Amino acid sequence: MSTPNPRRYTLSLSCPDRVGIVAAVSSFLAQHKGWITEASHHADPEAMRFFMRQEILADSLPFGIAAFRDKFFPIAHEFDMDWSISDSARKKRVVILVSKQEHCLYDLFARWQSGDLDIDIPCVISNHETFRGFVEWHGIPFHHVPVTPDNKPAAYAKVEELFKEAEGDVMVLARYMQILSPELCANYPGRIINIHHSFLPSFVGAKPYHQAYTRGVKLIGATCHYVTSELDQGPIIEQDVIRVDHSDAPDDLVRYGKDIEKAVLARGLRYHLEDRVLVHGNKTVVFR
């Protein structure tokens, strides 16, 4: 029988690089008998920025997460830290947006059902009715929010309303084939995740894999990234590629592309959920 993972707090931070950051954080945890189970650091010499992630056994500390925030605040202030602390006992709430392509949605549901992704899915939002039966069969609320050239402001206001009502932590675009409004992107920086094929911007528009086949590409791949108001230019979380050759037909490229898209999206979402992604400007540090 497998042993359940112990409850832990995850402290993640970035700040201007200087001497004493690791010592200050480690001394704080040691002072309160905090047991560090995982530690990662990275210094960016160009940006002069320091990044850190620490996992701490929750039961080793004599106080809860609210008191942790209060007690750690003076250190965070001293070093001008952008920081957060999360509790593994609280499942993250993932709101999924989807259009008519099923592969990423099905994969996320399979990982959720198996416990591979330890999340709550409070609802699925779609601009089509295509997957209502599939989603509701799993006991998840399904919201149809049509998007047309004439109703986009109202549609995205509704999406934001549903996200708030669901108390969502993160919004995942599982092949949601619409461009979110700049206002929605600005309201949730670092909380909207998207996936796209790696051909962008070389092969834009319809049938990118067919365009790639015509050009004789030898590598296809996918990129998982945060959504910003600049289309497909947000901070990158995860990427991967696979090799193809002359024997592969366009349909083969589409099939390979779907496989890699869902795998990269799942990995990127996991890194986000585990607070392994730190963002500074448009650059990411990912502690895998």
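Predicted model: local features only at pLDDT ≥ 70, side-chain atom pairs only at ≥ 80, totals over all residues.
Visitor: What is the volume of the largest pocket, and which residues are closest to its centre?
Guide: The lining of the largest pocket is made up of 33 residues. The pocket's volume is about 840 Å³. The residues closest to its centre are Ser-84, Gly-190, His-272, Asp-275 and Val-277.

Visitor: Which element gives the most to the lining of the largest pocket?
Guide: Two or more lining residues come from each of β1 (8–16), α2 (65–78), β4 (82–87), α6 (182–187), α8 (250–273) and β13 (277–280). The element that gives the most, with six residues, is β4.

Visitor: How many residues of that lining are nonpolar, polar and charged?
Guide: The lining of the largest pocket contains 33 residues. By residue kind they divide into 16 nonpolar, nine polar and eight charged.

Visitor: What span should α8 have, and how far apart are its end C-alpha atoms?
Guide: Helix α8 has 24 residues, and at 1.5 Å a residue it should span 34 Å. The expected span takes one less than the number of residues. The value in the model agrees, as the end C-alpha atoms of α8 are 34 Å apart.

Visitor: Where is Asp-275 found, and is it buried or exposed?
Guide: Asp-275 is found in the loop between α8 and β13. Just after α8, this residue takes a positive phi of about 55 degrees, although it is not a glycine. Most residues other than glycine have a negative phi. Buried means under 20% relative accessible area, and at 15% Asp-275 therefore counts as buried.

Visitor: Which class, buried, partly exposed or exposed, does Met-48 belong to?
Guide: Met-48 has its place in the loop between β2 (36–44) and β3 (49–57). Its phi is positive, about 55 degrees, although Met-48 is not a glycine. With a relative accessible area of 48%, Met-48 is partly exposed.

Visitor: Which residues does Gln-54 touch, leaving out those up to four places away in sequence?
Guide: Gln-54 lies in strand β3. At 1% relative accessibility it counts as buried. Beyond four places in sequence, Gln-54 touches Tyr-9, Thr-10, Leu-11, Val-25, Ile-36, Glu-38, Ala-39 and His-41.

Visitor: What is the C-alpha distance between Tyr-9 and Phe-68?
Guide: Tyr-9 lies in strand β1, and at 3% relative accessibility it counts as buried. Among its contacts beyond four places in sequence are Gln-54, Gly-64, Ile-65 and Ile-85. Tyr-9 and Phe-68 are 59 residues apart in sequence, and their C-alpha atoms are separated in space by 9.7 Å.

Visitor: How far apart in space are Gly-64 and Asp-120, C-alpha to C-alpha?
Guide: Gly-64 is found in the loop between β3 and α2. At 34% relative accessibility, Gly-64 counts as partly exposed. Gly-64 and Asp-120 are 56 residues apart in sequence, and the C-alpha to C-alpha distance is 23 Å.

Visitor: In β6, which residue is the bridge partner of Lys-92?
Guide: Strand β5 (residues 92–98) is mostly covered, with six of its seven residues buried. It pairs with strand β6 (residues 119–120) in the parallel sense over two bridges. The partner of Lys-92 in β6 is Ile-119.

Visitor: What separates the C-alpha atoms of Gly-221 and Ser-198?
Guide: Gly-221 is found in strand β11 (residues 219–226), and its relative accessible area of 1% makes it buried. Leaving aside residues up to four places away, Gly-221 touches His-197, Ser-198, Tyr-209, Asp-240, Val-241 and Ile-260. Gly-221 and Ser-198 are 23 residues apart along the chain, and their C-alpha atoms are separated by 5.0 Å.

Visitor: Which residue in the turn between β13 and β14 has a positive phi?
Guide: Four bridges join β13 to strand β14 (residues 283–286), and the two run antiparallel. Within this pairing, Leu-278 stands opposite Val-285 in β14. The strands form a hairpin with two residues between them, and the turn residue with a positive phi, about 65 degrees, is Gly-281.

Notes
Residues numbered from 1 in each chain as written. Heavy atoms only, no water. 1 Å grid on protein atoms, 1.4 Å probe; cavity = no way out; pocket = protein on both sides within 12 Å on 5 of 7 lines; lining within 4 Å. Points joined across faces, edges and corners; volume = space filled by probe spheres on them. Nonpolar A, V, L, I, M, F, W, Y, C, P; charged D, E, K, R; others polar. Buried < 20%, exposed > 50% of the residue type's maximum accessible area, 1.4 Å probe, protein only. Contact = heavy atoms within 4.5 Å. Pairing = 2+ DSSP bridges.
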